[in-house]
Amino acid sequence: MFICASCQRYLSSTLIKLRYQRLWQNVQFHTPPGLFYRPKLNERREERLEGVKLDVEKIPPRETIVTIEDEDVIKERYQTQLQMEDWREQKISLMQLPGIYMKLSKSNLTGLVVLTTLMGYSIASGPLQLESLLWTVVGTGLCSASANSINQWIEVPFDCQMARTRGRVLVRGVISPAHAMTFAIATGVAGTTLLATMVNPLTSLLGAANILLYAAVYTPLKRLSIVNTWVGSLVGAIPPLMGWVACTGHLDAGAFVLAGVLYAWQFFHFNSLSWSLRADYSRGGYRMAAVTDPDLCRRVALRYSLAMAPVCLLGPVLGVTSWWFALDSLPLNAWLAYLGWNFYRDADFKSSRHLFHFSLFYLPLLMGLMLINKKSHDSSTEGRDVAAGTVQ
């Protein structure tokens, strides 16, 4: 069988383009006997071309005549083309690694974790030691990076289905899963070791517990039950406890005021965020309250928006802050309650975004007020001895 060179190029390009069409079962081309090709498609799509024949009768003849290649040769070229499209070599320069690791660590979330840990250290009643504070920040940041990296490593098959997470480095294949897991293990071991040796063992234990809770409980639970939101709130409440323990060497009632603020904040912050991302979470198969029980999502957001005022009252009651903090925080809590009510009543995109955006400003403002109105303490000898004994 002989065809011209231009016809051969046309036929080859047609075979490649058929991969991107969805009408596999209906495409039929007629050809003279002897010219028949059935390419093997990508196994992931589980699609096949049945009876594909090529029509060359209407193509005008050319002067240059060539012999068509064997079917096996065409098949081999086609499969090579598919492999070139689906696979590429991972080339990472040393200059790219810091940016990749920051994305793998979810730098914004890790920054928030470190900030709340700093606030726990600053508001605690123990003595402030810069060396201890520095190691606390570094160790906590490494623990957070480890937990977030494991989270992304587990959720690659689901992140690729969501527009919000489709650009993550593991989804795009920027680094290999083995590389990501190696980074997660290295940062987790380094973070907990630094906290145990340079700060105190209790802080290290809290850091390790948070990695375990986030990666091994919260992450898989996201696809099983809406209880994941409550578990995630516990994860967010642990960093200020780590800061408090790093400063004082022990836990007391004042530490749980900060933990309570972070625990309650998670609900109206995340529920308002997830409301506008319901379609995305549904595509990814995540069981969030905004997807499976919208009414509960709105009620919980309102409930914890209203609960922030009494939680703030615990600060002066337990001696963490002065009573001025309860007064100064009233405008913030009143506006939060108003936005929470709007979200509960309207349950639309606008009200959810207003509540979410305000929650981003609410937490640092409230923490700043707590720091300004921090109640001065005379450190006990026992507290000084504990802090001095853990940092040499």
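Biologist: Which residue forms a salt bridge with aspartate 280, and how far apart are the closest N and O atoms?

Modeller: Arginine 283 does, and the closest N and O atoms are 2.5 Å apart. Keep in mind that this is a predicted model.

Biologist: Where do aspartate 280 and arginine 283 lie?

Modeller: Both are in helix H11, residues 278-284. They sit three residues apart, about one turn of the helix.

Biologist: Is aspartate 280 buried or exposed?

Modeller: Aspartate 280 is buried, at 7% relative accessibility.

Biologist: How many salt bridges does the structure hold?

Modeller: Five. One of them joins lysine 222 and glutamate 155, with the closest N and O atoms 2.9 Å apart.

Biologist: Which parts does that pair tie together?

Modeller: Two loops. Lysine 222 is in the loop between helix H8 (201-221) and helix H9 (228-248). Glutamate 155 is in the loop between helix H5 (130-154) and helix H6 (156-159). The pair therefore ties together parts that are 67 residues apart in sequence.

Biologist: And are those two buried or exposed?

Modeller: Lysine 222 is buried, with a relative accessible area of 9%. Glutamate 155 is buried too, at 3%.

Biologist: What does arginine 168 pair with?

Modeller: Arginine 168 forms a salt bridge with aspartate 159. The closest N and O atoms are 3.0 Å apart. Aspartate 159 is buried, with 2% relative accessibility.

Biologist: Let's step back. What is the secondary structure of the chain?

Modeller: It comes to 17 helices and two strands.

Biologist: How many residues are in the chain, and what share is buried?

Modeller: There are 392 residues, and 47% of them are buried.

Biologist: What about the accessible surface?

Modeller: It comes to about 20,200 Å². Carbon and sulfur atoms account for 62% of that.

Biologist: What share of the contacts join residues at least 24 apart?

Modeller: 74%, counted among contacts between residues at least 6 apart in sequence.

Biologist: Now the rings. How many aromatic pairs are there?

Modeller: The search of the whole structure finds 14. Among them are phenylalanine 158 and tyrosine 286, an edge-to-face pair. Their centres are 6.3 Å apart, with 75° between the planes.

Biologist: Why is the pair of phenylalanine 268 and tyrosine 362 edge-to-face?

Modeller: Because their planes are at 85°, and planes over 60 degrees apart count as edge-to-face. The ring centres are 6.0 Å apart.

Biologist: Where in the chain are they?

Modeller: Phenylalanine 268 is in helix H10, residues 253-275. Tyrosine 362 is in helix H16, residues 349-372. The pair links distant parts of the chain, 94 residues apart. Phenylalanine 268 is buried at 0% relative accessibility, and tyrosine 362 is buried at 0% as well.

Biologist: Which ring does the charged end of arginine 278 sit over?

Modeller: The ring of tryptophan 275, at 4.1 Å from its centre. Arginine 298 lies over the face of tyrosine 344, 5.0 Å from the ring centre.

Biologist: New topic: cysteines. How many disulfides are there?

Modeller: The count comes to zero. Cysteine 247 is buried at 2% relative accessibility. Cysteine 297 is also buried, with a relative accessible area of 1%.

Biologist: Last one. Where is threonine 140 found?

Modeller: In helix H5. Threonine 140 is buried, with a relative accessible area of 2%.

Biologist: What is threonine 140 in contact with, leaving aside its neighbours within four places in sequence?

Modeller: Val113, Thr117, Leu195 and Met242.

Biologist: And how far apart are the C-alpha atoms of threonine 140 and threonine 192?

Modeller: They are separated by 8.1 Å. Along the chain, the two threonines are 52 residues apart.

Terms used
Residues numbered from 1 in each chain as written. Predicted model: local features only at pLDDT ≥ 70, side-chain atom pairs only at ≥ 80, totals over all residues. Heavy atoms only, no water. Helix = DSSP H or I, 4+ residues; strand = E, 2+ residues; numbered from the N terminus. Buried < 20%, exposed > 50% of the residue type's maximum accessible area, 1.4 Å probe, protein only. Contact = heavy atoms within 4.5 Å. Areas by Shrake-Rupley, 256 points an atom, 1.4 Å probe, with all protein chains shown as cover. Salt bridge = Lys/Arg side-chain N within 4 Å of Asp/Glu carboxyl O. Phe/Tyr/Trp six-rings, centres within 6.5 Å; stacked < 30°, edge-to-face > 60°. Lys NZ or Arg CZ within 6 Å of the ring centre and 35° of its normal. Disulfide = S-S within 2.5 Å.
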